[in-house]
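Subject: Handover of a structure and its findings

Dear colleague,

Please find below the structure that I am handing over to you.

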Amino acid sequence: MKTMSGLVVSFIHWLRRPERFIQKFKTVYPQCQTIPFHEQEETAVKQGVEVLETTYAPTIEGITTRDEGQVMIVLRRGLNPLNRQFVVAHELGHVQLHLPDMRDTDAHPPLPQDDHRDIEADAFAITCLVGSLPKERLAPEVFLYALNNRGMAWRAFRVICY
């Protein structure tokens with residue numbers, strides 16, 4: 001078990017050298033493909049996943065569910081573009097990692113934020129999005145993205161703690 005200072009150091013290392021963590025994530029999630037920014041929704045459609053929008057409470061950004069066998073990613077309407085990319089990649093993580101466990105719409109409650117499947121989907125999303133960047137842009141882009149998106153920074157921190 002890492003101490004809090006050890007976790008903070010690990011997070012700083014991730015910000016400075018994200019390629020090391022991406023390599024580790026790719027080892028843990030070999031089925032994860034890198035997806036260039038702005039291509040998550042096209043990737044979902046290619047995999048037979050329907051992407052829809054609806055009105056959700058501000059605490060829910062998106063869910064993955066099935067309805068009569070059709071896998072759907074349902075997003076909260078009005079997400080900013082960076083969050084939308086991350087949420088779609090996160091939900092694709094659920095499709096890739098947890099699809100056999102998903103039930104139809106009636107029996108699918110949202111996962112609690114500390115559920116291991118949600119943290120795994122965050123790791124999958126980080127690997128998909130960050131892994132698509134060229135190595136020379138990786139550290140500055142990750143740093144700026146985490147700096148400008150506290151939610152993303154928190155999710156990355158949870159993944160590192162996991």
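From the N terminus onward, the elements of the protein follow the order α-α-α-β-β-β-α-α-α-α. The secondary structure amounts to 7 helices and 3 strands; helices (H or I, at least four residues) and strands (E, at least two) are DSSP runs, numbered from the N terminus.

Please note that this is a predicted model, in which local features need pLDDT of at least 70 and side-chain atom pairs count only at pLDDT 80 or more, while totals for chains, interfaces and linings use all residues. Residues are numbered from 1 along each chain as its sequence is written, and side-chain values use heavy atoms, with hydrogens and water left out.

The core

Of the 162 residues in the protein, 44% are buried. Here, buried means under 20% relative accessible area, exposed means over 50%, and partly exposed lies in between (1.4 Å probe, protein chains only). The largest nonpolar core comprises 28 residues, and Phe 25 and Ile 126 have the most contacts inside it. Such a core is a set of buried Ala, Val, Leu, Ile, Met, Phe, Trp, Tyr and Cys residues joined through side-chain atoms within 4.5 Å. At least two residues of this core come from each of helix H2 (18-28), strand S3 (70-76), helix H4 (81-98), helix H5 (116-130) and helix H7 (150-161). H5 provides the largest share, with 8 residues.

Helix H5

H5 is largely enclosed by the rest of the structure, because 13 of its 15 residues are buried. From its first C-alpha to its last, H5 reaches 21 Å, close to the 21 Å expected at 1.5 Å a residue; the expected span is 1.5 Å times one less than the number of residues. Asp 122 is located in H5 and is buried, with a relative accessible area of 0%. Between Asp 122 and His 94, the C-alpha to C-alpha distance is 9.2 Å, with 28 residues separating them in sequence.

How do H4 and H5 cross? Their axes come within 7 Å and cross at roughly 120°, where axes are lines fitted to C-alpha atoms, for helices over the stretch in contact, and angles run from 0 to 180 degrees between N-to-C directions. H4 and H5 are therefore oblique to each other; angles under 35 degrees count as roughly parallel, over 145 as roughly antiparallel, 65 to 115 as roughly perpendicular and the rest as oblique.

Salt bridges

The whole structure contains 2 salt bridges, each defined as a side-chain nitrogen of Lys or Arg within 4 Å of a carboxyl oxygen of Asp or Glu. One joins the side chains of Glu 41 and Arg 84 (2.6 Å, N to O). This pair links distant parts of the chain, with Glu 41 in helix H3 (residues 40-46) and Arg 84 in helix H4, 43 residues apart. Arg 84 also meets Glu 53 in a salt bridge (2.5 Å, N to O). Because Arg 84 lies in H4 and Glu 53 in strand S1 (residues 50-54), that pair ties together parts 31 residues apart in sequence.

Arg 84 counts as buried at 18% relative accessibility. Glu 41, at 27%, counts as partly exposed, and Glu 53 is partly exposed at 37%.
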